[in-house]
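The structure is shown below.

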Amino acid sequence: MSTSPDPLTSPASKALGKSGKSDETATDSRHFRYLVFIGRFQPFHLGHKAVIEEALKRADNVIVLIGSANLPRSLRNPFTVEERTQMIKGAFAAKDAKRIHCVGLDDALYNDTRWLQYVQAGVQSVTNDPSEDLSDKQRKDIGLIGHSKDSSSYYLSLFPHWASVSVPNYDNLSATPIREGYLLGATPTKQRTPDSTRKVLEAFKQTDEYKELHEEAWFVDNYKKQWESTPYPPTFMTADAVVVQSGHILLVERRSMPGRGLWALPGGFVDQKETLLDACIRELREETKLKVPEPVLRGSRHSQHTFDDPYRSARGRTITQAFYFQLKNDPKGLPKVKGGDDAASAFWLPLSDLDPKKMFEDHYAIINKMVGL
């Protein structure tokens, strides 16, 4: 499996969350009331621990924003916020753990402004604690800590109201190979992970959820081996349908791995001799048996958008074109649907019932972007 970098799913991925050796020193030498460390910590390793150790020296409190919160377990995000909190706080003595505040941070793929709002809200949930009596000066005494290399100007432009503290990397550690090896069955070593992380990982390994991810990890590993002899890693093209009528969205339940059992948009891979729109309509019909004439579907197309986050699919680099269809309200009700092909079932869901914890890959973010939720 890939051992590519494991950045945050956010604009700050260019500046935070990585660890390896460097000659860099902290960019701001003052003492802070709060230092903020943002990462996914999938899992928490000794490089992350080194950053927090430095933050504890430099600040009264450390706020750890744990990214990719409120998502279903997946090969990229197998551990919950609660489990990652145990890894983090359990790596420190009790008196230091009390100074570490762990807060879940939702992703906001394809919406930088919303993600920045989530970061600000996460920090405020700690600094605005009613039990604290903070002056205006103290409220501003906040910095962000992490490893920043060749991206400090971009990083500062995201958070100009907070100071930036850069720390040296630690042994070139990345969570990606640790996580991928673990999901394939390997045991993380003490040279890369603290005892608290290994304890959580060992407990999780006994669960049915781990067994499901373990099976999926081997599926994806074998899937990628099909392309080992190609001169370049392949880039896949898919098309997805966002179909909305009367405040409901058309979804499918995935029948197969990856993401078996999760909710998804109807869609799939583009054939060699079809347009993106033709592929979208073909997959929509195959997976949902939607009882709407094709001319009506084509006439209901509202908009389309490309979604190309490099880490959106475990299968490899996959770019999708999403088409938004707005069907007219009908007093007869919603069109009949039935699961077919790769879909175990197809169903209409009220938009208010969308749950990111049940959605496949980035489909929740795609819906938010296309429908404007």
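## Terms and model

Strands are runs assigned by DSSP as E, at least two residues in length, and they are numbered from the N terminus. Two strands pair if DSSP finds at least two bridges between them. The model described here is predicted.

## Strand β6 and its partners

Strand β6 spans residues 236-245 and is mostly covered, with nine of its ten residues buried. Its pairing with strand β11 (residues 318-326) is parallel and extends over nine bridges. Within β11, Thr 320 is the residue opposite Thr 238.

The pairing of β6 with strand β9 (residues 267-269) is antiparallel and comprises three bridges. Here Gly 268 of β9 stands opposite Ala 239.

## The hairpin of β6 and β7

Strand β7 (residues 248-254) runs antiparallel to β6 and is joined to it by two bridges. Val 244 has Ile 249 of β7 as its bridge partner. Two residues lie between the strands of this hairpin, in which Ser 246 adopts a positive phi near 50°.

## Helix α8

Helix α8 covers residues 195-204, and its buried residues are Ser 196, Thr 197, Val 200, Leu 201 and Phe 204. Viewed down the axis of α8, these buried residues fall within an arc of 130°, so they line one face of the helix.

The elements covering the buried residues of α8 include α2 (81-89), α7 (175-183) and α9 (208-225). Asp 195 and Lys 199 are exposed and sit on the face of α8 turned away from its buried side.

Key: Residues numbered from 1 in each chain as written. Predicted model: local features only at pLDDT ≥ 70, side-chain atom pairs only at ≥ 80, totals over all residues. Heavy atoms only, no water. Buried < 20%, exposed > 50% of the residue type's maximum accessible area, 1.4 Å probe, protein only. Helix = DSSP H or I, 4+ residues; strand = E, 2+ residues; numbered from the N terminus. Arc of directions from axis to C-beta. Contact = heavy atoms within 4.5 Å.
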